[in-house]
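Have the viewer ready and follow along.

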Amino acid sequence: MKLTLKVWRQKNNKDKGGFKTYPLDGISADMSFLEMLDVLNEDLNEKGEDPVHFDHDCREGICGMCSLYINGKPHGPKQTTTCQLHMRSFSDGDTITIEPWRATAFPVQKDLVVDRSAFDRIIQSGGYVSVNTGGVPDANEIPIPKTIADEAFDAATCIGCGACVAACKNASAMLFVSAKVSQLAMLPQGQVERKERVEKMVAQMDAEGFGACTNTGACAAECPKGISLTNIARLNREYFSAIVSSENV
Ligand code: SF4
Ligand code: FES
């Protein structure tokens, strides 16, 4: 395949940045999108030019690092992570535009790399359970109905990639936060900090500069893990119930 890449190049978080165009040849349809970028970087290295910086780790759709905005969509044309996107989703002769996530709370560090530590701080504020360490409990010692276990598991599949923020015109982190709140609020192990957790995580989300929910559902439409909007409804219920009971104390 022959391609033309329009790639966002930005030296650092002070630089204004801009697009640079690179022609690329000999790309196999079976390559992943990141392997295609590896080919570009080998070319740039051979020419003594600065390679394009982009984030990745697992390349298996697990870590959530590969945050690229491709042809105006987070993670590109398929509802998958960029590392699981293959060049067969594009055609010979295509022009592909590649940008970093755009959100105030995710400042660009260099080229396509953004700082997503705002998500880490939201998790640190309350996305954990306090447990007594010790031996592994016997299976079925804490009975949890299968439907609840399944729903909690679905919420727990959020990989923290940030595509929901990138897709939202308000750069809202509601889908991410709702998944992290839901996975613990539904399980017995998450009950101790249930109210405190949701209040702290929502406060941290606001402090990081994420916008309000638009109710358009762009986040769920682009989420590579299929995190459902029902989690946002649950987050709202959890939050209001926590606020009301705190005010009554
Ligand atoms: S909710 Fe989906 S899009 Fe948002 S961080 Fe989690 S996996 Fe990524
Ligand atoms: S590199 Fe880990 S999810 Fe893409």
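## Starting in the sheet

Which residue in β5 is the bridge partner of Lys-6? It is Thr-97. Before going further, a word on the ground rules: this is a predicted model, in which local features need pLDDT of at least 70 and side-chain atom pairs count only at pLDDT 80 or more, while totals for chains, interfaces and linings use all residues. Residues are numbered from 1 along each chain as its sequence is written, chains are lettered from A and ligands numbered from 1 in the order in which they are written, and side-chain values use heavy atoms, with hydrogens and water left out.

Helices (H or I, at least four residues) and strands (E, at least two) are DSSP runs, numbered from the N terminus. Two strands pair if DSSP finds at least two bridges between them.

## The five strands

The sheet is open and has 5 strands in the order β2-β1-β5-β3-β4, with mixed pairing. β2 (18–24) and β4 (73–74) stand at the edges with a single partner strand each, so one side of each has no neighbour in the sheet. Walking across from β2, you meet antiparallel pairing with β1 over 7 bridges, where Leu-3 stands opposite Leu-24 in β2. Strand β1 (residues 3–9) then pairs with β5 in the parallel sense over 4 bridges, and here Leu-5 stands opposite Ile-96 in β5.

Next, β3 and β5 run antiparallel and are joined by 2 bridges; Ile-70 stands opposite Ile-98 in β5. Strand β3 (residues 69–70) also pairs with β4, in the antiparallel sense and over 2 bridges. In that pairing, Ile-70 has Lys-73 of β4 as its bridge partner. As for cover, buried means under 20% relative accessible area, exposed over 50%, and partly exposed in between (1.4 Å probe, protein chains only). Strand β5 (residues 95–99) is mostly covered, with 4 of its 5 residues buried, and β1 is mostly covered too, with 5 of its 7 residues buried.

## Two domains

The chain is assigned domain 1 (3–110) and domain 2 (117–248); these bounds come from an automatic or database domain assignment. The C-alpha centres of domain 1 and domain 2 lie 29 Å apart. Their contact (heavy atoms within 4.5 Å) takes 16 residues from domain 1 and 20 residues from domain 2.

## Nonpolar cores

In soluble globular proteins, nonpolar side chains tend to be buried together. A nonpolar core here is a set of buried Ala, Val, Leu, Ile, Met, Phe, Trp, Tyr and Cys residues joined through side-chain atoms within 4.5 Å. The largest has 37 residues, and Val-165, Val-177 and Phe-210 touch the most other members. At least two residues of this core come from each of α2, α4, α5, α6, α7 (218–222) and α8 (230–248), with the largest share, 6 residues, coming from α5. Domain 1 and domain 2 each give this core at least three residues.

Leaving aside residues up to four places away in sequence, Phe-210 touches Ala-105, Phe-106 and Phe-119, among others. A second, separate core of 27 residues includes Leu-24, Met-36, Cys-83 and Leu-85.

## Helix α2

Which residues are buried in helix α2 (residues 117–126)? They are Ser-117, Ala-118, Phe-119, Ile-122, Ser-125 and Gly-126. The buried residues of α2 pack against α4 (163–167), α5 (174–185) and α6 (194–207).

## Around ligand 1

Ligand 1 is surrounded by 13 residues, and the closest are Cys-158, Cys-161, Gly-162, Cys-164 and Cys-223. A residue is near a molecule if one of its heavy atoms lies within 4 Å of it. α4 and α5 each supply at least two residues of this shell.

By class, the shell has 11 nonpolar, 2 polar and no charged residues. Ala, Val, Leu, Ile, Met, Phe, Trp, Tyr, Cys and Pro count as nonpolar, Asp, Glu, Lys and Arg as charged, and the others, Gly among them, as polar.

## Two asparagines in loops

Asn-71 lies in the loop between β3 and β4 and has a positive phi of about 50°, although it is not a glycine. Asn-71 counts as partly exposed because its relative accessibility is 40%.

Asn-215 sits in the loop between α6 and α7. Asn-215 has a positive phi of about 65°, again without being a glycine, and is exposed, with a relative accessible area of 70%.
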